[in-house]
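Subject: Structure for your review

Dear colleague,

Please find below the structure that I am handing over to you. A summary of the findings follows it.

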Amino acid sequence: MSQVFNFIVDSLKIAGAPYNIINNELIMAQCQVQVPRTFFTPAHIETLNLQIVCHPDHLAKYPGSELVTKGSYRLQWFVDGIKKRGLIFKGSVPYELDHRKIERQINNLLKEAPRFFYKQPLLYYQPNLLVNFKIGFETDEKTEELYSLSINLVTGEIASNLLNELSNKRVVTTLPKKHLEKRKIPYSEGFKALSNHLKWLLQNHDDQWIENAKLRWQEEVNYLEEFYRGEPKEDLHAFYRQIAEIYRKYRPIIRIEIINVAILYLPIVIYTLESWEANKVLNPIIYDPVKQKIRWNGQ
């Protein structure tokens, strides 16, 4: 599925709107919209039925559907809708300590069969800062890309796929009443770390969009030079003015916009272990049920 397709699905989840996905190609959704007051009717809420595809080839396959791509009106409509619902979301992923299920999942992630006994697990919720960015790449043409970055405010780990990992998880607006870990990284430092990581990603971004604009710029400059070739010197000020305008037209610019921010408390399970071998001490194992990852405490 495309980046835009995934973004629309995530937007519908945030809005709590009912939707169905057909063949990973068509999104059928219902969205409630606020209709402003008119002279004849009061302000009211209407339900809008949407049929959305994100690839031009799918339009003919699903008659009556709407094509939503980068830069389209409907995509901006979803972005604006998220902004109106609030820039900052705060929530958590509830989790239950099912010993057998957790131990089975951990065993599947181990490189070899465990040679230890599991002891009593401890459940904690760690704060994560998630920021969704919209990046505009502008010359004489404009394209947009969506970046979703997160940082664990306890460990400092930065990730770019948390939004996808949450797609099959239940996210609630209430926070757990206990076992909440305190932040070790302030929000301001976490946001700065994400901004620096985004800049690094953009510095390593494919620069073909710049090269393409440079070719179009050179073509237009060559045409202008040919047009003014042999003209009197007093007319050259118009030439230089147009050259400056062409430069501004094709100059590459990257614009960064924050779509929304989330503070999410995500579960972490810590197991103390008892080795099968006598007198051997094992570090506790840390299991992340959202990312489906394990690591040993102290490593």
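Phe 227, Tyr 228, Phe 239 and Tyr 240 are joined into a cluster by ring pairs. Please note that the model is a predicted one.

Across the model, the count of aromatic pairs comes to 7. In one of these, the ring centres of Phe 137 and Trp 209 lie 5.2 Å apart with their planes at 70°, an angle over 60, so the pair is classed as edge-to-face. The two partners come from distant parts of the chain, 72 residues apart: Phe 137 belongs to strand S6 (residues 116-138), and Trp 209 to helix H6 (residues 208-228). Phe 137 is buried, at 2% relative accessibility, and Trp 209 also counts as buried, at 18%.

Phe 239 and Tyr 240 form another edge-to-face pair, with 5.2 Å from centre to centre and 65° between the planes. Within this pair, Phe 239 is buried, having a relative accessible area of 12%, whereas Tyr 240 is exposed, with a value of 54%.

A charged residue is also placed against a ring: Arg 183 lies over the face of Tyr 187, at 4.0 Å from the ring centre.

Finally, I would draw your attention to His 58. This residue is located in the loop between strand S3 (44-53) and strand S4 (66-67). The relative accessible area of His 58 is 18%, which is under 20%, and therefore the residue counts as buried. Apart from neighbours within four places in sequence, His 58 is in contact with Glu 25, Val 53 and Ser 65.

Yours sincerely

Conventions:
Residues numbered from 1 in each chain as written. Predicted model: local features only at pLDDT ≥ 70, side-chain atom pairs only at ≥ 80, totals over all residues. Heavy atoms only, no water. Helix = DSSP H or I, 4+ residues; strand = E, 2+ residues; numbered from the N terminus. Buried < 20%, exposed > 50% of the residue type's maximum accessible area, 1.4 Å probe, protein only. Contact = heavy atoms within 4.5 Å. Phe/Tyr/Trp six-rings, centres within 6.5 Å; stacked < 30°, edge-to-face > 60°. Lys NZ or Arg CZ within 6 Å of the ring centre and 35° of its normal.
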